[in-house]
Amino acid sequence: MAPTVTPKPNSLAARDAAFHFHGYTNAQKNEKEGGFVVVRGEGPFVYDEDGKQYLDGLAGLWCASLGFGKQQRLIDAVVKQMETLPYYHTFSQKAPAVTVELAERLVSLASQAAPMSKAYFCNSGSEANDTVVKMVWYFNNALGRPEKKKIIGRARGYHGVTVAAGSMTGLPLVHKDFDLPIKNILHTECPHYYRYGKPGESEEQFATRMAESLEALIQREGPETVAAFIAEPVMGAGGVLLPPKTYFEKIQAVLKKHDILMVADEVICGFGRTGNWWGSQTFGVKPDIMTMAKQLSAAQMPIAAVLINQRVYEGLRDNSAKIGAFSHGITYSGHPASAAVALEVLKIYEEQHILDHVREISPVFLEGLDSFSDHPLVGEVRGVGLIGALELVKDKKTHESFDPKLGVGPNLIRIAHDHGVILRPVTDSICFCPPLICSAAEIREMFTRFRKALAEAEDWLKTQAVAA
């Protein structure tokens, strides 16, 4: 459990409270309690300043695919690159050699989902999705369609927190008091069948209703004003929400009808998380644009990419010739050290048959999740590959949620932390996303620790009921 009292003087936790301003953190709480400071890692485990071991069941932030231990090949790749060319940029037709290699490799890999033409590099998923917004607007200006600018995201979708990406994200806390979303960003319904399906409605019927709702939104706005639709194959930070059967098939039919670009946000799903190279493969998405980050470098270096198909590229290309340049760029775009690590990570995935491993270990992971399906607090179990969630409910029959003021999910996570397993709550959905390199024994250990925490949380809830 995170500290609940003032941390020891001069401890790392106390220094963290004194000098570090965190993202996604209650600053007053951190100032009082100090942070959870990690000092080393080994495989899927991390260790705090007191030497206590924790199994990180969320791979950091859905990203540490190779775990937290020493990766000598990646160290060697960075050292070699730093000794050869520590930095160069990608402006004005320039590029580090290793960045060219990575672009070629990604375009080739992407073809397993949909044909892509070019790769553009950024430093994070948020930057990548912000870049997409500018590309989409630039593309439609190039085609003489200045009114076709609106981009549709989804309620509970997550695309980052920079200004445009944060606007496309469909979570109220990302918008509140940041004056988001900006103009031309819209949201359609969240396709969570368990939570929003109607009585007697099949998954396929629900998917049809979601497509019809999207069509209605497009018609209200005017199809000539809608430029793109962005979606994660699996909605990660929204609670690990899997698409209902036939969802993307029906959504993409609507987009094609109105010449609306399909943007696949592969930031969490890409590079093996769902059992394929791309979540788009797993769920039949045929994107015009793909964004990726996180597992691209196994989170060992900051790097992200936007991949565009030939049609989008030609629009950007011809407009750049017309006005003199595609005047968007980032100093560290395609940074050679990050590119070298990403390229080596892709080699490791292939040489160590990571996809085969995920497919082999996924049944152990999914069976572990399903073992909680009969628990009185668990309403829905959902998962694919090595990503999943348990949704906690007050009433299994009616799907009634707990009063948010109780903080059931966050309290369970704090208890789980005390039992040596790190997970993430999305309200009362408990998310699991372990490193891809986990063994069957480590997956089972993760669930063993969580089961103890869930039992303790159940006892805590009973005391809350008595107190009420």
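For the residue classes used here, Ala, Val, Leu, Ile, Met, Phe, Trp, Tyr, Cys and Pro count as nonpolar, Asp, Glu, Lys and Arg as charged, and the others, Gly among them, as polar. By these classes, the lining of the largest cavity has 7 nonpolar, no polar and 2 charged residues. The structure is a predicted model.

**Cavity**

- The residues lining the largest cavity are Arg154, Pro191, Glu232, Pro233, Met235, Leu241, Leu242, Pro243 and Phe248.
- Arg154 and Glu232 belong to this lining and are of the charged class, because Glu and Arg count as charged.

**Nonpolar cores**

- The largest nonpolar core comprises 67 residues, of which Leu102, Leu106, Phe271, Trp278, Tyr349, Phe432 and Phe450 touch the most other members.
- Helix H14, spanning residues 336–351, makes the greatest contribution to this core, with 9 residues.
- Another core, of 27 residues, lies apart from the largest one and includes Met135, Ile151, Ile289 and Val312.
- Beyond its neighbours within four places in sequence, leucine 106 is in contact with Phe121, Phe271, Met292, Leu296, Ala305, Leu307 and Leu346.

**Methionine 290**

- Methionine 290 is located in strand S9, which covers residues 289–292.
- Methionine 290 counts as buried because its relative accessibility is 0%, the limit for that term being under 20%.
- When neighbours within four places in sequence are set aside, the contacts of methionine 290 are Ala110, Ala113, Met116, Ala264, Glu266, Trp278, Ala305, Val306 and Leu307.
- Aspartate 48 is 242 residues from methionine 290 along the chain, and the C-alpha atoms of the two are separated by 36 Å.

**Cysteines**

- A disulfide is a covalent bond between the sulfur atoms of two cysteines.
- The structure holds 0 disulfides.
- Cysteine 63 is in no disulfide, and the nearest cysteine sulfur, that of cysteine 433, is 8.4 Å away; the criterion for a disulfide is a pair of cysteine sulfur atoms within 2.5 Å.
- With a relative accessible area of 13%, cysteine 63 is buried.
- Cysteine 431 is likewise in no disulfide, with the nearest cysteine sulfur, again that of cysteine 433, 8.9 Å away.
- Cysteine 431 has 0% relative accessibility and therefore counts as buried.

How values were computed:
Residues are numbered from 1 along each chain as its sequence is written. This is a predicted model: local features need pLDDT of at least 70, side-chain atom pairs count only at pLDDT 80 or more; totals for chains, interfaces and linings use all residues. Side-chain values use heavy atoms; hydrogens and water are left out. A nonpolar core is a set of buried Ala, Val, Leu, Ile, Met, Phe, Trp, Tyr and Cys residues joined through side-chain atoms within 4.5 Å. Buried means under 20% relative accessible area, exposed over 50%, partly exposed in between (1.4 Å probe, protein chains only). Helices (H or I, at least four residues) and strands (E, at least two) are DSSP runs, numbered from the N terminus. Contact means heavy atoms within 4.5 Å. On a 1 Å grid over the protein atoms alone, a cavity is a set of points where a 1.4 Å probe fits but cannot get out, and a pocket is an open set with protein on both sides within 12 Å along at least five of seven lines; lining residues have an atom within 4 Å of a point.
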